[in-house]
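Hello,

Here is the structure we talked about handing over. Please open it first, then read my notes below.

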Amino acid sequence: MSAFQEPFFTRGPSPLARLTFFTLIAIAIMIADHRFQALSFARMGIGAVLNPIEQALMLPGHAFSRSMAYFSDQDRLLSENRELNQKILMLAAESQQSRLILAEKSYIDALGEAHPRFAGNGLIAEVIRDARNPYARKIIINKGLTQGVTAGSAVIAGDGVVGQVTAVGVASSEVTLSTEKDQAVPVMVVRNGLRAIAVGSGRDGTIEMPSLPLGSDIQTGDQVVTSGIDGTYPPGLAVAIVSQVEKNPAFPFARIVAQPVAAVSHQRFVKVMLKDPTQIYPRPDVGLEDKKPARDITSTGKSPAQNANAARREQRRAAP
Amino acid sequence: MQTPPEGNNAVPPLKSGTMDLSPASRDPMRLPAPFSLIIIVIVAALLLDLLPWGGIALITHPDFVLLALLYWAVHEPRTVGQGWGFALGLIMDVADSALLGQHAMVYVVAIFLAQLLRVRMLQLSVAEQALHIITILAISQGIGVLLNLAMGRDFPGFSILISLVLGALLWPIVNAIATIPRLRRRSSRVVG
């Protein structure tokens with residue numbers, strides 16, 4: 001129909017009615033996605049179609065950079081190789097020790113009833129690209145549902161925590177970096193074992209620890225590692241180094257800014273920590289006397305409150 | 001590509017005894033867009049948006065899909081409407097790992113504005129249309145920013161305004177790409 005043939009009679013609802021209709025649906029979808037994470041299937045479906053196209057679109061760029069590297073990088077490769085060799089030598093001693101420590105730990109684990117929470121080997125994934133979203137700090141990796149990645153898995157790199165898988169596609173996943181606003185990691189300070197929660201600030205790639213009271217013993221230069229009490233991140237991974245401590249008596253909490261240890265947004269390869277489904281360990285809130293295996297928060301997609309309710313219900317059922 | 005304004009086509013002065021029935025401007029003789037052309041333009045725009053944009057280009061690149069949608073909403077209002085905006089918005093939400101429904105809402109509002117302004121825009125030259133487009137883009141981007149702020153995200157900086165200017169500059173190009181295939185050859189037949 002040409003632009004000049006205006007219809008004499010308008011058919012269907014008016015533009016304003018359509019606008020209202022579509023806007024309401026869009027708002028409903030946004031709420032469903034934001035509050036309840038209910039639409040991961042729709043996301044996965046659309047993503048399954050889009051991903052191959054995106055991969056194809058990236059091929060020319062890859063080919064170009066690869067050919068450039070082929071011509072230019074002999075020197076760089078040599079020096080990198082030398083550095084890596086030195087690193088291997090330095091790490092060799094530590095790895096011998098750690099093997100011994102691991103053996104001892106597994107012996108102690110067998111004595112007690114602690115279970116290892118993670119499958120021994122994670123999954124190495126390549127970072128495909130940054131997410132095209134100026135508001136969010138996310139990266140896309142090339143492993144997905146078919147490789148066994150689940151939403152909530154921790155993602156680490158050689159030097160520390162990178163983030164957490166937040167959306168799983170068929171053959172790719174979306175990782176929210178630990179510097180993303182409100183992305184929380186349970187941590188502790190190496191020097192004194194002080195536990196806290198590190199939260200991405202969303203600004204200039206820093207991490208904050210908003211919940212530490214003024215009197216807490218923390219100072220600049222403190223190393224912060226994962227505490228492991230959440231069951232998502234394995235304990236002991238480097239997260240950040242405290243760079244700024246501001247104790248203003250006007251506020252109940254200290255303002256603590258830390259710099260992430262891993263170059264969270266500049267990794268090429270990351271490791272996805274897969275959870276071992278055979279190793280289910282009890283949640284601390286279930287109570288020690290009845291060791292019912294409760295599933296953890298991230299894999300069920302339920303809120304902690306729902307989980308606690310379920311646990312309480314189980315307890316009640318077990319009581320008589 | 002400067003297409004003459006479509007509304008005020010000067011009527012050629014009648015020569016005595018002859019009458020030129022061919023239109024003064026070949027623009028009114030534009031063919032209706034085949035469905036395939038609509039799809040091709042939108043898919044091409046989608047592919048451009050799916051390129052791995054990063055860094056400063058991520059913030060400043062214009063939204064090609066929105067521009068293509070606006071063009072067709074102005075020129076083919078019976079075919080492309082708010083439903084298209086909604087569907088493509090959902091696709092863009094997944095592609096940009098944004099909150100689902102965010103682009104959908106922005107596109108629907110933009111197409112609604114285009115529907116309000118289209119009769120007026122068609123009277124104007126392409127450059128003047130681009131001024132309307134930058135307004136529509138600004139309003140829709142404002143909504144997008146507000147949605148993100150409501151979710152507690154931070155403002156990415158004023159360089160996002162560059163994308164509006166680039167979008168407006170791109171409007172004549174979109175116009176050319178989508179209009180030229182539809183121009184009817186001017187017939188050499190002159191009655192006289």
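Start with B:L37, which lies in helix α1 of chain B. Helices (H or I, at least four residues) and strands (E, at least two) are DSSP runs, numbered from the N terminus. The model is predicted: local features need pLDDT of at least 70, side-chain atom pairs count only at pLDDT 80 or more, and totals for chains, interfaces and linings use all residues. Residues are numbered from 1 along each chain as its sequence is written, while chains are lettered from A and ligands numbered from 1 in the order in which they are written.

(Buried takes 20 or more, exposed 12 or fewer, partly exposed is in between; C-beta atoms are placed from the backbone.) Beyond its neighbours within four places in sequence, B:L37 is in contact (C-beta atoms, placed from the backbone, within 7 Å) with B:A178 and B:P181. B:G157 is 120 residues away along the chain, and the two C-alpha atoms are 36 Å apart.

Next, the partner of this helix. α1(B) (residues 35-50) packs against α3(B) (residues 64-75). Residues making the contact include B:I38 and B:V41 of α1(B), and B:F64 and B:W72 of α3(B).

Now chain A. Strand β1 (residues 123-130) pairs (at least two DSSP bridges) with strand β12 (residues 269-272), antiparallel, over 4 bridges. There, A:A125 stands opposite A:V270. β1(A) also runs antiparallel to β2(A) (residues 138-141), joined by 3 bridges. In β2(A), A:I139 is the bridge partner of A:D130.

Best wishes

Key
Axes fitted to C-alpha atoms, helices over the stretch in contact; angles between N-to-C directions. Contact = placed C-beta atoms within 7 Å.
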